[in-house]
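I opened my notebook today to look through a structure step by step. Come along and keep the viewer open beside you.

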Amino acid sequence: MIGIRFIRLIALIASMLCVVTMTAKAQTEIQFWHAMGGELGEKLTDFANRFNASQKEYKIVPVYKGNYTETMTAAIAAFRAKQQPHIVQVFEVGTATMMSAKGAIYPVYQLMADQEEPFDPKAYLGAVVGYYSDSKGNILSLPFNSSTPVVYYNKDAFRKAGLNPDQSPATWPELEAAAKKLQAAGYPCGFTSGWPSWIQLENFSALHDIPIATRANGFDGLDTVLQLNGALQVRHIAKLAEWQKSKIFDYGGRRSDSGPKFYSGECAIYMNSSSAYAAVKASVKFEFGVGMLPYWPDAIQTPKNSIIGGATLWVLNGYPKSDYKGVAKFFTYLSSPEIQTEWHQFSGYLPITTKAYELSRQQGFYDKNPGTDVPIKQLTRGTPNANSKGLRLGNFAQIRDVIEDEIEAVLAGKKTAKAALDDAVQRSNELLRQFERTNK
Amino acid sequence: MSEKRVTFSKSGIAWLLVAPQLIITLLFFIWPASQALYQSLWQEDAFGINREFVGFDNFLKLFADPSYQHSFVVTIVFSAAVAGISMGFALLLACKTDKLMRGNQTYKTFLLWPYAIAPAVAGALWWFMFNPTIGLLAYAARGLGYDWNHFLNGEDALILVIIASAWKQISYNFLFFLAGLQSIPKSLIEAAAIDGASSNKRFWTIIFPLLSPTTFFLIVVNCVYAFFDTFAVIHSTTRGGPSQATQTLIYKVYKDGVEGNDWSGAGAQSVVLMIIVCLLTIIQFRFIERRVHY
């Protein structure tokens, strides 16, 4: 008895599966691997669903693969096993690696041209385009979520310490003085920072118009050599170590590990990515403001633009040409002013296109949310030159690790800033030579 | 002791019976190991598009690298501390529990729980307790005058991962020590007591030497644990930092391979680690087999 019922059940399931697979075959699935977790991931999935609903031929399948490092590694491993996705979101640090993988990637400018989708590099912000184009100005990956570091500060604490709550300190000497006042008012530490290499060395160098590496920060050739041990950088790191002793600066770890120090009110000033805005807003119980990164006035009068972080969308080879039409259409959709504006306002990432920036301005978004336009203003001030266009260094994920290892050694008092940065440069150059050798 | 041996008239059936185990060993051990060996002889980019045969160059580069030598030192210090602390505490707890008349079972149950916790969870627990901003233990340390910050001080970070790893392993060692203690004939201890030996002397001259097979076995197991299974603890707390203070050999493999996409370097490191495990296994089989008596 069980026998015949069981057989009927199996037959039913099998026929249902046939129907399902038959309908699925009509739609081309496009695999999209990304590193947006939490609310950001939900928003991204929402975009994909809306695109899927707007047409019947293609279905974008977004898959969260972990953080940026994990996503990139997964895509590379998948490529080696010939199981790669169509689209993968790679952070800015992986740009050189992706660019050198000439057989693996399908450059976006070429994709859009082949598929006859409109694509105008001039529609994007100069700082963003510069980072992701090759030497001929062709954009290789689709800019999607770009950020730049800013200063978050505790307005309540500023009031208590007798400082102007509408203005974050513009220069480092002013920040030092402010920190001392804050400590006198009872706050254990003046400021803390996330992403030490990105903010305190890479962006620091861009702001002060000094090079990070030779060959235009690596844009002009693989035979680049790191130059982060220049006099000003050494001086700045040494100053951070000096401030660590009196807790004017208190180190809280890499990435955004130092966030709790700001949220809890321990440190009144916090330097981190503009994309941390949502997390800061959700975690603090005081009024906070956003300001631009400080600079040393004796080294430069008008600081240059900051450089971007975040990620772009890369397209991988290996699929039939018809699939890439769907990718191109999805990219057009993602770059539309409405979607970009919505993404920017939700996430704290920058509006990538000038149209999206305009739209947000028209909607009065920046008036209603003070401080959300600071990162864009900082990114677009002045004209980017070779020192502030960004950087393109191979093995840069490992190099950042090396640099942050050495910075931590200085902050813990184990090495002088000069010795540490010299070591960082030496170790990093070995990694750069290794990259050059395998990608000649 | 009489040995039972099972024999098969036809070897076919024997092969069939061991086939599942053989397949698993081949798929999950031999294949990846040979792949790592193969990869360690090449230098290639992340995607595997450009590759160059370099022979033993990767190994030579590895041993000349001060970071790698530093990882060796960190691993040795870390393993010694984890093994020492967890075995020391486990022995103490086992001795005390052994002597109890009542509540014996309750203590055993509670002392077993840390072993059931996933390493990543254990790491996260201790990370929270020691977090300089919100951690209870960090707060207590500051009360005693010590400014705990494992994001800044390498020593604090190392202490954190040692405590988190050792804590988890105490249960395992405790079980073995307890079993070992209970297999010591009570008559020996009673005889010593009658002869006037103090409790201290009884422990060090009779109990501890008779526990040596267990101790030796546990040393090897704890070393393997500290070398490999502590990856999750380190990854969920300090991630090898600050400034490589908690970067054990296994963590360096992950850092270079998965995060840095340097498959050749990571392959070479994996091969070295494999050789170390082989050595540990040989030591365990040769020495323990000889010293265990039934």
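**Entry 1: the sheet of 4 strands**

In what order do the strands of the open sheet of 4 strands in chain A lie? I looked it up, keeping in mind that this is a predicted model. The order is S6-S7-S5-S8, and the pairing is mixed.

I then checked the edges. Strand S6 (189-193) and strand S8 (288-291) of chain A each have a single partner strand, so one side of each has no neighbour in the sheet. From one strand to the next, the twist averages 20 degrees.

Next I picked out one pair of strands. Strand S5 (residues 149-154) and strand S7 (residues 267-273) of chain A run antiparallel and are joined by 5 bridges. To see this pairing in the viewer, I found Val150(A), which stands opposite Asn272(A) in S7(A).

A helix also belongs in this picture. H8(A) packs on the sheet and touches S6 and S7 of chain A. The direction of H8(A) makes about 125 degrees with that of S6(A).

**Entry 2: Ala161(A)**

Ala161(A) is found in the loop between helix H7 (155-160) and helix H8 (172-184) of chain A.

Is Ala161(A) buried or exposed? I noted 20 other C-beta atoms within 10 Å, and 20 or more is the cut-off, so Ala161(A) counts as buried.

Which residues does Ala161(A) touch, if those up to four places away in sequence are not counted? They are Lys181(A), Leu182(A) and Ala185(A). I also looked up Ala178(A): it lies 17 residues from Ala161(A) in sequence, and the two are 8.3 Å apart in space, C-alpha to C-alpha.

**Entry 3: the sheet of 5 strands**

Chain A has another open sheet, this one of 5 strands, in the order S2-S1-S3-S9-S4 and with mixed pairing. Strand S2 (58-64) and strand S4 (142-147) of chain A are at its edges; each has a single partner strand, so one side of each is left without a neighbour in the sheet. The twist averages 20 degrees from one strand to the next.

I followed S9(A) through its pairings. Strand S3 (residues 87-91) and strand S9 (residues 309-315) of chain A run antiparallel, with 5 bridges joining them. Along this pair, Val88(A) stands opposite Trp314(A), and Val90(A) stands opposite Thr312(A). S4(A) and S9(A) are also antiparallel and joined by 5 bridges. There, the bridge partner of Ser147(A) is Gly309(A).

Why can I call S9(A) largely enclosed by the rest of the structure? I can because 7 of the 7 residues of S9(A) are buried. Gly309(A), Ala311(A), Leu313(A) and Val315(A) point one way, while Gly310(A), Thr312(A) and Trp314(A) point the other way.

Helix H2 (residues 38-54) of chain A lies across strand S1 (28-34) and S2 of chain A, at about 170 degrees to S2(A).

**Entry 4: the nonpolar cores**

I reminded myself of a general point: in soluble globular proteins, nonpolar side chains tend to be buried together.

Which residues touch the most other members of the largest nonpolar core? They are Val151(A) and Val327(A), and the core has 128 residues. Helix H19 (residues 396-411) of chain A gives the largest share of this core, 9 residues. A second, separate core has 39 residues, including Val74(B) and Ile170(B).

I then listed the contacts of Val327(A), leaving aside neighbours within four places in sequence. They are Ile30(A), His86(A), Ile87(A), Leu111(A) and Val315(A).

**Entry 5: where the chains meet**

How many residues does each chain bring to the contact? Chain A brings 29 residues and chain B brings 25 residues. On the side of chain B that touches chain A, strand S1 (42-44) and helix H12 (249-259) of chain B each give two or more residues. H12(B) gives the most, with 3 residues. By class, this side of chain B has 8 nonpolar, 11 polar and 6 charged residues.

**Entry 6: chain A as a whole**

I finished by stepping back. Chain A has 20 helices and 9 strands, and 50% of its 440 residues count as buried. Its C-alpha trace spans about 80 × 50 × 50 Å along the principal axes.

Definitions and conventions:
Residues are numbered from 1 along each chain as its sequence is written. Chains are lettered from A and ligands numbered from 1 in the order in which they are written. This is a predicted model: local features need pLDDT of at least 70, side-chain atom pairs count only at pLDDT 80 or more; totals for chains, interfaces and linings use all residues. A nonpolar core is a set of buried Ala, Val, Leu, Ile, Met, Phe, Trp, Tyr and Cys residues joined through C-beta atoms within 7 Å. A residue is buried if 20 or more other C-beta atoms lie within 10 Å of its own, exposed if 12 or fewer, and partly exposed in between; C-beta atoms are placed from the backbone. Two residues are in contact if their C-beta atoms, placed from the backbone, lie within 7 Å. Ala, Val, Leu, Ile, Met, Phe, Trp, Tyr, Cys and Pro count as nonpolar, Asp, Glu, Lys and Arg as charged, and the others, Gly among them, as polar. Two strands pair if DSSP finds at least two bridges between them. Axes are lines fitted to C-alpha atoms, for helices over the stretch in contact, and angles run from 0 to 180 degrees between N-to-C directions.
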